[in-house]
Each structure stands twice: as C-alpha cells, then as structure tokens.
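Trainee: I have a model open and want to learn how to read its features. Please walk me through them.

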Amino acid sequence: MPGIAWPPNDTDRNRFLCRLQVAIYVAAALYFGAFALATGAFVPWAIFTVAVAAALVTGAAMLLMRAQRLEGQRRGPGR
C-alpha cells in the first residue's frame, strides 16, 4: 500500500486533482470571505482562513510537482 508522498508524485491524475482543489478552495475562500465581510461573524472568517491556507498548500504542491517534471526533463529519459 503506497503511503503519502510529499511532494506528490507528478502524474496527470495528481496535476488534475491539484488544479481542481485549488479551484474549489479559491471559490470557497471568495464565497466565505464575502460572507464574512458582510456579516462580520467569526465562523465565516475561520472557514475563509482555512480555505486560503488549503489553497496555498495545494499551490505549493503544484509548484513542487512542476519542479519534479522539469528536473526529469533536464536529466533525460532513463536517468
């Protein structure tokens, strides 16, 4: 059974899932951020903060996967 890898392995599936996660987290952050500004309640601010943090972590994962892909291209096949 494979474990959790960080950064994630650079596969098409992982890139797709990371892009989907970023889109969902940014949409949630925008929605709850606007709701928090309108109401001033604590819970929307908390959800907004978590959504922004999750989007940043997922964005970092995408950048690290990209670095893996570029490093593999520089080394060439079979190396």
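Trainee: Is Arg-15 buried or exposed?

Mentor: Start with the scale. Buried means under 20% relative accessible area, exposed means over 50%, and partly exposed is in between, with a 1.4 Å probe and protein chains only. Arg-15 has 17% relative accessibility, so Arg-15 counts as buried.

Trainee: What kind of model do these values rest on?

Mentor: This is a predicted model: local features need pLDDT of at least 70, side-chain atom pairs count only at pLDDT 80 or more, and totals for chains, interfaces and linings use all residues. Residues are numbered from 1 along each chain as its sequence is written, and side-chain values use heavy atoms, with hydrogens and water left out.

Trainee: Which residues does Arg-15 touch, leaving aside its neighbours within four places in sequence?

Mentor: A contact means heavy atoms within 4.5 Å. With those neighbours set aside, Arg-15 is in contact with Asp-10, Met-65 and Arg-69.

Trainee: How many salt bridges does a search of the whole structure find?

Mentor: The criterion is a side-chain nitrogen of Lys or Arg within 4 Å of a carboxyl oxygen of Asp or Glu. The search finds 3 salt bridges. In one of them, Arg-15 pairs with Asp-10, and the closest N and O atoms are 2.6 Å apart. Asp-10 is partly exposed, at 22% relative accessibility. Asp-10 also meets Arg-69, at 3.4 Å from N to O. Arg-69 lies in helix α2 and Asp-10 in the segment before α1, so this pair ties together parts that are 59 residues apart in sequence. Arg-69 is partly exposed, with a relative accessible area of 27%.

Trainee: What separation, N to O, goes with the salt bridge of Asp-12 and Arg-15?

Mentor: The distance is 2.2 Å. Asp-12 and Arg-15 are 3 residues apart in helix α1, about one helical turn. Here is the general idea: an α-helix has 3.6 residues a turn, so residues three or four places apart point the same way. Asp-12 is exposed, at 60% relative accessibility. Taken together, Asp-10, Asp-12, Arg-15 and Arg-69 are linked in a network of salt bridges.

Trainee: How many helices and strands does the protein have?

Mentor: Both are DSSP runs, numbered from the N terminus: helices are H or I with at least four residues, strands are E with at least two. The protein has 2 helices and 0 strands.

Trainee: How does the reach of each helix compare with what is expected?

Mentor: The expected span is 1.5 Å times one less than the number of residues. Helix α1 has 28 residues and reaches 40 Å from first C-alpha to last, close to the expected 40 Å. Helix α2 has 34 residues and reaches 50 Å, close to the expected 50 Å. After α1 comes Gly-40, with a positive phi near 75°.

Trainee: What do the buried residues of α1 pack against?

Mentor: They pack against α2. The buried residues of α1 are Asn-14, Arg-15, Cys-18, Ala-29, Gly-33 and Ala-36. On the other helix, the buried set includes Ala-51, Ala-54, Ala-55 and Met-65. The cover over the buried residues of α2 includes α1. Across the protein, buried residues make up 18% of the 79 residues.

Trainee: How many aromatic pairs are there?

Mentor: Rings of Phe, Tyr and Trp (its six-membered ring) pair if their centres lie within 6.5 Å; planes under 30 degrees apart are stacked, over 60 edge-to-face, and the rest tilted. The whole structure has 2 aromatic pairs. Tyr-31 and Phe-32 are edge-to-face, 5.1 Å centre to centre, with 85° between the planes. Trp-45 and Phe-48 are also edge-to-face, at 5.8 Å and 85°. Trp-45 and Phe-48 both lie in α2, 3 residues apart.

Trainee: Which contacts does Leu-64 make, beyond its neighbours within four places in sequence?

Mentor: Leu-64 is in contact with Trp-6 and Pro-7. Leu-64 sits in helix α2. Leu-64 and Trp-6 are 58 residues apart in sequence, and 8.8 Å apart in space, C-alpha to C-alpha. For the protein as a whole, take contacts between residues at least 6 apart in sequence: 70% join residues at least 24 apart.
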